[in-house]
Amino acid sequence: MTTHNHPYWNFVPSMKHIRKFNFRLIAHLAGMLMVVMASAMLLPIIASIYYGDGEQFDLILSSALMMAIGLFFRNILGRGASYELHEKESFWIVAISWITVPLTGSIPYLLTGTLKSFTDAAFESFSGFTTTGASVLCQLNTVPRGLLVWRSLTQWIGGLGLIMFVIALLRKLNVGSAQLYDAEFSGTVQRKLHPRISTSVTFMWLVYLGMTLTLFLLLILSGNEFLIAFNTALSVVSTGGFQISDAGIEGLSATSMWFVTIFMFFSGVNIALLFRFITGHGRDLFRSEEFRLYLLVFLISFLLSSLSFILRGNPVKESLGFSAFHLASTISTCGLTITPPQHWPLLVSAITFILIIVGAMSGSTGGGLKLKRIMLLIRYVRNYFIRMIHPNFVFTVRIDKHIISDEYINKIFAFVFMYIFFIVGGAFILTLCGLTIPQAVCMAAANISNLGPTPLLGEVGAHLSYVTLPIAAKWTLMVLMLVGRVEIFAIMAIVSPAYWRR
């Protein structure tokens, strides 16, 4: 038997297949993203100079290093790249971009000396870009202002998606934009706003930017400091959840808290539907079955949570206010937290955990399984049981009057299975790192849903520190953040032997 007939070689991509990959384009686009990130460092540098935190030179050096890495990828490795893009390259671009950009984004944390280890710097950067909001930074009041601005920007940039930058900026891709668009939203059907993908993505960025500016102005008019309003607007609309002071979100006025609650709720809504709503097609929003379910789940959860808190002896006003804020933060996977009422009902823990898994609407900046997938699976299972009773009946799964193919339903089943697999696998590794089973499950579910901290079971959740976790646990959580943000399929595709042999 020759070496090449050995079964092992069936699982190794041959050089013949590798050469078919447009690696130059992959490097070019990843490098372009790094250049964009380096350019975005201008705002942290300005903030550092204005607030006099003394870190402007370290931030300038960070920007220069990020720019150098980006230019190396774009102009050296990606020189002469062809803009012909196929499905294989699209998954590679999504996966490579979501790995290289956060790793590069860890440079400012290291050069400023704010975080001493690469693991902690990478954790903070991955948490920002994936809009998870879990943090290893302590005593935020002592962290350089310029670095906190960078930290806020990472979650805002990652909120709508790194690949959305590529599509909006690089119109040369043409048909390739559709491949990237589908790869970024793998596992969901995202509504397109325009026949040309780049124009559709530009509309999304306009909505995203408009929501951010609107909330920022409302917070400024409510009497908040400029930097606090800026960070909060970026944290809420991106559903990232980072804060810049030890007081957290509770440093805001009561009026500001209601603005934050409302914007957290709408940040979990499909951004294409928000565009239709803003441009005078409000009926499209309420015609959406997924939005009606999103609203219904929130209202039912709010009523049950409020009643549970009140029946446990908590004040009515506090119970209502906390329930609205907490559930909007959870269902949108924003992860912002405030001090809960004194008596915490077990029912609220159950509701919170369910919302962590379910998550927001498809096509939003939020994480989780997404409500559209849940709806489709429920309808498919319902039809299956009806067919058991009436074998001759023909049923189709529909959503918003559109028939969903069995192939797509199978894809959702695969997605849900992998999602649960990663939660269980991640929780198992975390228990080996010394966490209790409730802590491990809570952390694994919250991080793959890109929710980060959330009050769930007393000390588990918002009060559980990420700082003290061992290195293995932090890298495990980073993998879960990445898998949750990229929605599994792009990551699984590039490590699949069958994918390489296609």
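Modeller: In this predicted model, the protein chain exposes about 21600 Å², of which carbon and sulfur atoms supply 68%. The protein chain has 24 helices and two strands, and buried residues make up 57% of its 502 residues.

Biologist: What makes H19 roughly perpendicular to H20?

Modeller: The axes of H19 (residues 371–389) and H20 (residues 406–432) cross at roughly 115° and come within 10 Å. Angles of 65 to 115 degrees count as roughly perpendicular, and therefore H19 is described as roughly perpendicular to H20. The crossing is left-handed.

Biologist: Which residues of H19 and H20 meet?

Modeller: From H19, Arg 373, Leu 376, Leu 377 and Tyr 380 meet Asp 406, Tyr 408, Ile 409, Ile 412, Phe 413, Phe 415 and Val 416 of H20. By class, this contact has nine nonpolar, no polar and two charged residues.

Biologist: Why is H20 called roughly antiparallel to H22?

Modeller: The axes of H20 and H22 (residues 471–486) come within 9 Å, crossing at roughly 170°. Angles over 145 degrees count as roughly antiparallel, so H20 is roughly antiparallel to H22. Phe 422, Gly 426, Ile 429 and Leu 430 of H20 make the contact with Ala 473, Thr 476, Leu 477, Leu 480 and Val 483 of H22.

Biologist: How many polar residues does the contact of H20 with H22 have, by class?

Modeller: There are two polar residues, alongside seven nonpolar and no charged ones. Gly counts as polar, and therefore Gly 426 of H20 belongs to the polar class.

Notes
Residues numbered from 1 in each chain as written. Predicted model: local features only at pLDDT ≥ 70, side-chain atom pairs only at ≥ 80, totals over all residues. Heavy atoms only, no water. Axes fitted to C-alpha atoms, helices over the stretch in contact; angles between N-to-C directions. Helix = DSSP H or I, 4+ residues; strand = E, 2+ residues; numbered from the N terminus. Parallel < 35°, antiparallel > 145°, perpendicular 65-115°, else oblique. Left-handed = near helix turned anticlockwise from the far one by under 90°. Contact = heavy atoms within 4.5 Å. Buried < 20%, exposed > 50% of the residue type's maximum accessible area, 1.4 Å probe, protein only. Areas by Shrake-Rupley, 256 points an atom, 1.4 Å probe, with all protein chains shown as cover.
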